2 protein chains.
Amino acid sequence: MNFCHHCGQRVTLRIPDGDDRERYVCDACGTIHYQNPKIVTGCLPVHEDRVLLCRRAIQPRLGLWTLPAGFLENGETTTEGAIRETWEEAYANVAIEGIYTIFNLPHISQIYMFFRATLADLDFRPGAETTDVRLFAEHEIPWHELAFPVVRDTLEHYFADRKHGHFPVRVGDILIPRNR
Amino acid sequence: MNFCHHCGQRVTLRIPDGDDRERYVCDACGTIHYQNPKIVTGCLPVHEDRVLLCRRAIQPRLGLWTLPAGFLENGETTTEGAIRETWEEAYANVAIEGIYTIFNLPHISQIYMFFRATLADLDFRPGAETTDVRLFAEHEIPWHELAFPVVRDTLEHYFADRKHGHFPVRVGDILIPRNR
């Protein structure tokens, strides 16, 4: 950030009065430009004993498999965002069952939230950011071709919890960028 | 937003290519300025049968009682933010028990997250944004002087769930600004 988006003058990085961390501050108009983490919201779409994954058509992790998810938009609830992203990436209609996993990724200032969901039909197909959409049974999951640790962790929790039919909400921290 | 914070030129509000909603776009340098919801993270601090509330020294809802909470900062986990806010507002040391309530407030693009927590000691005192900090038993809760619906809902869930000793994660939408 170089300029104030309110008045267009240059900003400086400094600790404002009464604060305890550096912010971009406009000394011309006084605006303090706070920057905060973003939420990524998505679904774990299930049909009978299989789960839906999307093969990524975009960077990062092009060609790897992921759960449908993306940035929450202003004016949305987290469930609305999860349903929208599942439609955009896989044209899949889902019914939300409940919140399931929450991951803190402080190194990139993102919070992931995945909801368990049931597919309403099987008319899914790839969206613009996806090259392939498929249902996978547990033994078919491409564990070494998953795009992100949050996807692997969510799937691992799901298949373990499914044995007991009980899906407690899981909160986890992903503290180091991992390439698995 | 009037100016691009990258190059300082004027921005226009329009739908970028390949997108489906309006963004502030800089036609000089091409930067698209995405705006996304913010997370407010906080605690429900408990000591034996009482809960800690803070009386607000600032607007909005000056003089009303709230749970300690505030905006999650970049680089923080949601639990770290909840612990920090509880310290800043009440100088209270807490041990986090687990995520408890999550509220979507789409009309102001905020997501609230409250964690159940146990007070580590009773050396709390008001922080800069607080005029009073007190422990309240259920029958002492100032229900008509609570600052926000998310605080009332979290307390209502807590006292109901406490009867059974089971605290499932609650997700709720607060769809209309309410003044209760």
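Which residues of α1(A) are buried? The buried residues of this helix are Thr78(A), Gly81(A), Ala82(A), Ile83(A), Glu85(A), Thr86(A), Glu89(A) and Ala90(A), where buried means that 20 or more other C-beta atoms lie within 10 Å of the residue's own, exposed means 12 or fewer and partly exposed is in between, with C-beta atoms placed from the backbone. The model is predicted, and local features need pLDDT of at least 70 while side-chain atom pairs count only at pLDDT 80 or more, whereas totals for chains, interfaces and linings use all residues. Residues are numbered from 1 along each chain as its sequence is written, and chains are lettered from A and ligands numbered from 1 in the order in which they are written.

**Helix α1 of chain A**
- Helix α1 of chain A covers residues 78-90, 13 residues in total, and spans 18 Å from its first C-alpha to its last, close to the expected 18 Å at 1.5 Å a residue, the expectation being 1.5 Å times one less than the number of residues.
- Helices (H or I, at least four residues) and strands (E, at least two) are DSSP runs, numbered from the N terminus.
- Tyr91(A), which follows α1(A), has a positive phi, near 40 degrees.

**Contact between chains A and B**
- The contact draws 30 residues from chain A and 30 residues from chain B, two residues being in contact if their C-beta atoms, placed from the backbone, lie within 7 Å.
- On the side of chain A that touches chain B, β4 (38-47), β8 (94-105) and β11 (170-173) of chain A each supply at least two residues, and β8(A) gives the most, with 3 residues.
- By class, that side of chain A has 13 nonpolar, 12 polar and 5 charged residues, where Ala, Val, Leu, Ile, Met, Phe, Trp, Tyr, Cys and Pro count as nonpolar, Asp, Glu, Lys and Arg as charged, and the others, Gly among them, as polar.

**Cis peptide bonds**
- In chain A, the peptide bond from Gln59(A) to Pro60(A) is cis, with omega near -5 degrees, and Pro60(A) lies in the loop between β5 (50-56) and β6 (65-66) of chain A.
- In chain B, the peptide bond from Gln59(B) to Pro60(B) is cis, with omega near -5 degrees, and Pro60(B) is found in the loop between β5 (50-56) and β6 (65-66) of chain B.

**Positive phi in chain B**
- Glu48(B), a residue other than glycine, has a positive phi near 50 degrees and lies in the loop between β4 (38-47) and β5 of chain B; Glu48(B) counts as exposed because it has 9 C-beta neighbours inside 10 Å.
- Arg61(B), also other than glycine, has a positive phi near 65 degrees and lies in the loop between β5 and β6 of chain B; Arg61(B) is partly exposed, with 16 other C-beta atoms within 10 Å.
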